[in-house]
Amino acid sequence: MEHIKVNNFSLSDTITCGQFFLYTEIDDETFLVKSAGNSCEMRQKGDIVFLDCPSNKLDFWKNFLDIDTDTDYDRALQFCAKSKHKILKQAADFCGGIHIIRQDPWNALLCFIISQNNNIPRIKGIVGKLCETYGGFLPSPEQLAELSESDLAYLHAGYRARYLIEAGKFWGTLPRENGQTLNREQLMSICGVGPKVADCVLLYGFHKIDAYPKDVWIKRVIAEYFPDGFPETEFSGIVQQYLFHYIRHITRKKL
DNA sequence: TTCCAGGCGTATC
DNA sequence: GATACGCATGGA
């Protein structure tokens with residue numbers, strides 16, 4: 001069992017705030033998390049996060065949770081605190097311990113293709129079913145590319161099944177290099193990937209924290225609270241995540 | 001029954 | 001480039 005000290009970090013908000021779906025909640029503060037072939041049971045008590053993983057995977061999971069990286073969360077929090085928009089301060093007060101998870105880009109692509117015009121419990125269900133088929137993890141691009149839509153009918157993913165296969169075909173043709181970053185245009189060249197899903201992959205997969213996905217919730221927030229438009233910064237993705245989690249909380253729709 | 005959900009492709013102007 | 005519409009599914 002590894003443990004790390006954290007400062008102004010909330011594991012439960014980070015895991016459950018709608019940016020990530022490959023987890024099971026064991027209790028309020030304990031989660032079994034999967035990413036890129038690794039799994040880890042993690043728990044937070046106060047300012048200590050416990051990671052039940054091999055010691056040689058400690059750095060992997062710290063990086064996954066964006067702990068001790070160069071991401072400047074203090075700057076995003078100060079921006080919210082000083083904003084003339086009260087809802088930014090409220091959102092940061094409510095869930096300012098959120099970190100932007102550094103997900104596997106391919107996994108993020110699959111999850112957010114599934115997310116389109118869908119709700120979070122169903123997304124999680126479909127992602128979970130897909131993982132069950134492949135030993136607890138999401139299929140590789142090659143595994144997905146050779147499937148037909150009828151092979152995926154058991155997911156009940158609807159029209160999104162075709163997009164998953166398209167994504168597999170696209171990703172499978174990419175050169176195998178670590179750390180390569182795709183841009184928005186490349187992502188949107190995949191049939192079934194539009195601006196929102198592309199921004200999610202940029203933010204959650206490639207940690208481009210200036211990308212801020214505009215889903216129906218964020219569009220409503222902008223329409224209601226930001227008549228002059230969303231105040232864009234180089235860390236809009238972080239602010240967007242606070243807002244997304246907060247607005248769903250106060251509208252108390254358990255979705 | 002209708003509405004909604006971390007949207008997108010297509011048709012049309 | 002903007003806007004309208006259909007799309008699979010299941011819970012509210």
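The charged end of Lys 57 sits over the ring of Phe 60, 5.7 Å from its centre. The rule for that: NZ of Lys or CZ of Arg within 6 Å of the ring centre and within 35 degrees of the ring normal. Arg 43 passes as well, lying over the face of Phe 50 at 5.0 Å from the ring centre.

Ground rules next. This is a predicted model, where local features need pLDDT of at least 70, side-chain atom pairs count only at pLDDT 80 or more, and totals for chains, interfaces and linings use all residues. Residues are numbered from 1 along each chain as its sequence is written, chains are lettered from A and ligands numbered from 1 in the order in which they are written, and side-chain values use heavy atoms, with hydrogens and water left out.

Back to the rings. Phe 60 belongs to one aromatic cluster with Phe 20, Tyr 23, Phe 31, Trp 61 and Phe 64. Rings of Phe, Tyr and Trp (its six-membered ring) pair if their centres lie within 6.5 Å; planes under 30 degrees apart are stacked, over 60 edge-to-face, the rest tilted. How many aromatic pairs does this rule give? The count comes to 13. One of them is Phe 226 with Phe 230, edge-to-face, at 5.7 Å centre to centre and 70° between the planes. Both Phe 226 and Phe 230 are buried. Buried is under 20% relative accessible area, exposed over 50%, partly exposed in between, with a 1.4 Å probe and protein chains only.

Now the sheet. Helices (H or I, at least four residues) and strands (E, at least two) are DSSP runs, numbered from the N terminus. Two strands pair if DSSP finds at least two bridges between them. The sheet is open, has 5 strands and runs β1-β5-β4-β3-β2, with antiparallel pairing.

β1 pairs with β5 (residues 48–52) in the antiparallel sense, over 4 bridges. Glu 2 has Leu 51 of β5 as its bridge partner. Thr 30 is in strand β3 (residues 30–35). Thr 30 counts as buried because its relative accessibility is 4%. Its side chain makes a polar contact with the side chain of Asp 27, at 2.9 Å. A polar contact is a pair of N or O atoms within 3.5 Å; within protein, one must be able to donate a hydrogen and the other to accept it, and residues adjacent in sequence count only if both atoms are side-chain atoms.

Last, the DNA. Which residues are around DNA strand C? Asn 117, Arg 122, His 156, Gly 158, Tyr 159 and Arg 160. The cut-off is a heavy atom within 4 Å. A polar side-chain atom of Asn 117 lies 2.8 Å from a base nitrogen. For Arg 122, a polar side-chain atom lies 2.7 Å from a base oxygen. An N or O atom in the side chain of Arg 160 is 3.4 Å from a base nitrogen.
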